[in-house]
Amino acid sequence: MGKPSTGLIPIQKRWPLIALVLFSLSTAIVFFIRSSSDYCDNRHYEPENSIHMTAPVGSYANPLSFMKSKLVLLVSHELSLSGGPLLLMELAFLLRSVGAEVVWMTNQEPTEPDEVTYSLEHKMLDRGVQVIPAKGQKAIDTSLKADLVILNTAVAGKWLDAVLKENVPHVLPKVLWWIHEMRGHYFKVEYVKHLPFVAGAMIDSHTTAKYWKNRTRERLGIKMPDTYVVHLGNSKELMEVAENSVAKLVLREHVRESLGVRNEDLLFAIINSVSRGKGQDLFLHSFHESLQLIQVKKLQVPKMHAVVVGSDMNAQTKFETELRNFVVEKKIQDRVHFVNKTLNVAPYLASIDVLIQNSQARGECFGRITIEAMAFQLPVLGTAAGGTMEIVVNGTTGWLHPAGKEGVTPLAQNIVKMATQVERRLTMGKKGYERVKEMFLEHHMAHRIALVLKEVLKKSKGHN
């Protein structure tokens with residue numbers, strides 16, 4: 001089997017320093033279990049009222065300061081370590097930092113006590129976010145009183161009728177619907193029937209916005225509200241680590257030692273929850289093919305390894321079993337390492353050389369791990385699909401390959417190019433970092449969101 005790793009292995013000599021480094025990261029650096037999303041060529045598409053990616057330069061005022069004293073209700077379909085809830089939590093903290101009153105509701109509470117839910121709720125309480133039940137009179141009163149209501153993900157739409165009932169028409173004009181999904185089964189009337197009547201929809205990429213516009217019209221016969229595209233940004237905490245050479249060196253040495261790889265070895269990592277939609281199987285096929293190409297061409301390259309971060313050691317799925325069986329069948333156990341799901345991706349980003357973003361079908365809605373990797377000056381090999389095409393500049397910050405089986409050989413060839421073209425690899429990493437600094441920081445995201453919130457508040461006041 002591929003060599004498993006359940007996380008970082010303590011090393012006595014370095015542990016105090018490592019603990020200090022990890023403590024400084026803050027728990028805001030998280031592993032997003034991102035949902036599969038869809039493909040659409042967006043290069044010439046810009047939805048009406050879309051928000052441009054570059055933020056104003058030269059202003060140090062917090063762009064969200066106008067939200068001070070505003071009451072904002074955030075409604076999440078769940079509270080978990082998946083991308084949607086964690087993004088909404090980040091927004092909650094940004095709003096709290098300017099003095100907004102923020103209330104959180106989770107529509108689908110776990111039936112039994114849940115350690116993750118408990119931890120995340122207390123993280124919010126510690127930052128001044130109020131957490132209340134999603135049902136009952138208090139939920140209704142808060143919805144009616146709020147200046148702004150943000151529904152997070154399409155599934156959260158079920159909460160409107162279930163809880164607000166006859167009050168729905170009074171709340172819709174001040175609702176901003178933040179959508180992250182692109183899979184077909186989310187396009188159900190029971191989820192999104194109120195979508196045309198809200199103040200606006202906020203979506204993570206132009207690709208996703210176009211898909212929703214077309215799909216809702218063709219499949220459901222409904223029209224999207226004013227739609228705003230807001231690209232995400234890296235947290236300040238992650239950037240602090242990415243720009244700290246000492247911290248990165250310590251993390252790199254520690255992770256590599258835990259995996260049993262040398263400093264000079266080349267690590268190609270895919271960091272997503274292990275599922276067929278994320279393309280770990282096709283990546284391993286490409287990795288094996290790249291090893292064969294190197295052998296046939298007798299190329300001189302450092303020893304290469306594939307790292308799959310996002311495994312679940314406690315509940316190995318049928319798909320993960322297939323991955324491990326493939327590794328054994330191809331006799332590459334010493335080259336492939338499975339790492340358990342982790343809250344903290346920074347150590348792995350500090351320790352690898354290339355990120356693989358291999359999401360299939362329509363690709364990622366956005367793919368935040370991509371901009372996180374670029375912050376660590378890593379080149380990205382990604383599918384030419386979804387939000388990845390809005391992040392990776394093909395040939396400059398990485399290379400793109402087709403989704404599906406037809407992408408296996410091109411990805412293998414790109415892996416070989418990364419291994420043999422050292423200067424090109426390093427230059428791509430630097431260009432990716434420059435792109436992050438230009439477009440994908442927390443303050444860029446805050447500016448983009450601020451523009452949307454101003455528009456939504458204006459519409460809400462006009463309706464009242």
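**Strand pairing**

I find strand 5 (residues 148-152) joined to strand 6 by four bridges, the two running parallel; strands (E, at least two residues) and helices (H or I, at least four) are DSSP runs numbered from the N terminus, and two strands pair if DSSP finds at least two bridges between them. This is a predicted model, in which local features need pLDDT of at least 70, side-chain atom pairs count only at pLDDT 80 or more, and totals for chains, interfaces and linings use all residues. Residues are numbered from 1 along each chain as its sequence is written, and side-chain values use heavy atoms, with hydrogens and water left out.

I looked up the partner of L151 in strand 6 and found W177. Strand 6 is also joined to strand 7 (residues 200-203) by four bridges, again parallel, and there W178 has M202 as its bridge partner.

**Cover of strand 6**

I note that five of the five residues in strand 6 (residues 175-179) are buried, that is, under 20% relative accessible area with a 1.4 Å probe, protein chains only. V175, W177 and I179 point one way, while L176 and W178 point the other. In a regular strand the side chains alternate between the two faces of the sheet.

**Nonpolar cores**

I took a core as buried Ala, Val, Leu, Ile, Met, Phe, Trp, Tyr and Cys residues joined through side-chain atoms within 4.5 Å. The largest has 76 residues, and M67 and L148 are among those touching the most other members. Helix 2 (residues 83-96) gives the most to this core, with nine residues. A second, separate core of 40 residues includes V149 and W212.

Conventions. Buried means under 20% relative accessible area, exposed over 50%, partly exposed in between (1.4 Å probe, protein chains only).
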